[in-house]
Amino acid sequence: MKEALLYRKLGNKEVQCYLCAHFCLIKEGDFGFCAVRQNKEGVLYTYAYGKIIAAQVDPIEKKPLYHFFPGTESFSIATIGCNFRCGFCQNWQISQANFKQGGLSSGEPYEPGQLVDLAIKSGCKSISYTYTEPTIFFEFALDTAKIAKDKGLGNVFVTNGFMTKDCLEMIGPYLDAANVDLKFFKDESYKKICSGRLSPVLDSIQLLNKLGVWVEVTTLVIPGENDSREELGAIAEFISGVDKNIPWHISRFHPDYKFTQRNSTPEDIIRTAQELGRKCGLNYVYAGNVTGWGSDTYCQRCKELLVKREGFNIAENNIEGRKCKFCSYVIPGRF
């Protein structure tokens, strides 16, 4: 165990956590909603520090990030646990495991420097805190990110965005990019399906952008839940209002976890969402979990093909430095 960051001590050995937007009030002996942080004698501890359940090399396109060092690899790590309860989670075996219910031995012990060294030896250009919610293992992510930054590596959060302003401002100086899941544009959907709320996610996207972190947004389109033109249009309008250069990844749903009785998303709905995104002024709208279309990047000025993708692989790259090879237009992102 390690003492947690971002909490305050109250009377009667109670504490309040303000790492994520649940703002849990935790009595002595109890865990927060995440089931990772426990109050012991009025001190909040995290069980997730250095207990790595997954560590592997991924293409950065898998996060997905399309405007952040395309064609490079990212050393990807996670611990168990999450502060959401999404019924459609594709990594539910580890995200919904927790330290409160018998998961104390989950994960291999690592020090932050060890993982940075592994990332460098693997030839990676960045470290991604991913698979589960990085807010859950924030203390370890922060310590790792500081070392990684000093060694010239980028740091990436793949996140549900349900963190606090204090959390983002603390990690902000070390964070280079984030892909934020914007799952719905209805608060009741967040409450019913994820046990969360919408507004903190919107606030996080805005603040990350303001802090200078490169932001991309992903929406998993689930039939019957968030696939209406109204909701998809509202998501696109919001992203466009923050920054028209934020890439929006519209991902096709496949049945999983508690949503196994649902149908996969028809590709026509993904195409409709793409059209809505462009009508709202978004310059980069991508389709995910489809084959053969929707993932290439084009120059906004001359319309030439900049990056051709085949799955997670780069088949062609016409960005030189940060500029279009054909017309020298500066492409938004980190290249």
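Predicted model: local features only at pLDDT ≥ 70, side-chain atom pairs only at ≥ 80, totals over all residues.
Reader: How does the radius of gyration sit against the globule rule for 335 residues?
Author: The protein holds 8 helices and 21 strands. For 335 residues the globule rule gives 20 Å, and the protein is close to that, so it is as compact as a globular protein of that length. Its radius of gyration is 20 Å.

Reader: Is Ala78 buried or exposed?
Author: Ala78 sits in strand β9, residues 73-78. Leaving out residues up to four places away in sequence, Ala78 touches Lys51, Ile52, Ile53, Ala54, Thr130, Tyr131, Thr132 and Phe137. Its relative accessibility is 0%, so Ala78 counts as buried.

Reader: Which elements do the buried residues of α7 pack against?
Author: Helix α7 covers residues 229-242 and reaches 20 Å from its first C-alpha to its last, close to the 20 Å expected. Its buried residues include Leu232, Ile235, Phe238 and Ile239. The buried residues of α7 pack against α6, β14, β15 and α8.

Reader: Where is Pro64 found?
Author: The peptide bond from Lys63 to Pro64 is cis. Its omega is near -5°. Pro64 is found in the loop between β8 and β9.

Reader: Is Phe69 buried or exposed?
Author: Phe69 has its place in the loop between β8 and β9. Its phi is near 50°, a positive value in a residue other than glycine. Buried means under 20% relative accessible area. Phe69 has 17% relative accessibility, so it counts as buried.

Reader: Is Lys303 buried or exposed?
Author: Lys303 lies in the loop between β17 and β18. It is not a glycine, yet its phi is positive, about 70°. Exposed means over 50%. Lys303 has 53% relative accessibility, so it counts as exposed.

Reader: How far apart do the centres of the positive and negative side chains lie?
Author: The protein has 40 positive side chains. It has 38 negative ones. The centres of the two sets are separated by 2 Å.

Notes. Residues numbered from 1 in each chain as written. Heavy atoms only, no water. Helix = DSSP H or I, 4+ residues; strand = E, 2+ residues; numbered from the N terminus. Rg over C-alpha atoms; globule rule 2.2 N^0.38 Å. Lys, Arg positive; Asp, Glu negative; His and termini not counted. Charge placed at Lys NZ, Arg CZ, Asp CG, Glu CD. Buried < 20%, exposed > 50% of the residue type's maximum accessible area, 1.4 Å probe, protein only. Contact = heavy atoms within 4.5 Å. Expected span 1.5 Å × (residues − 1).
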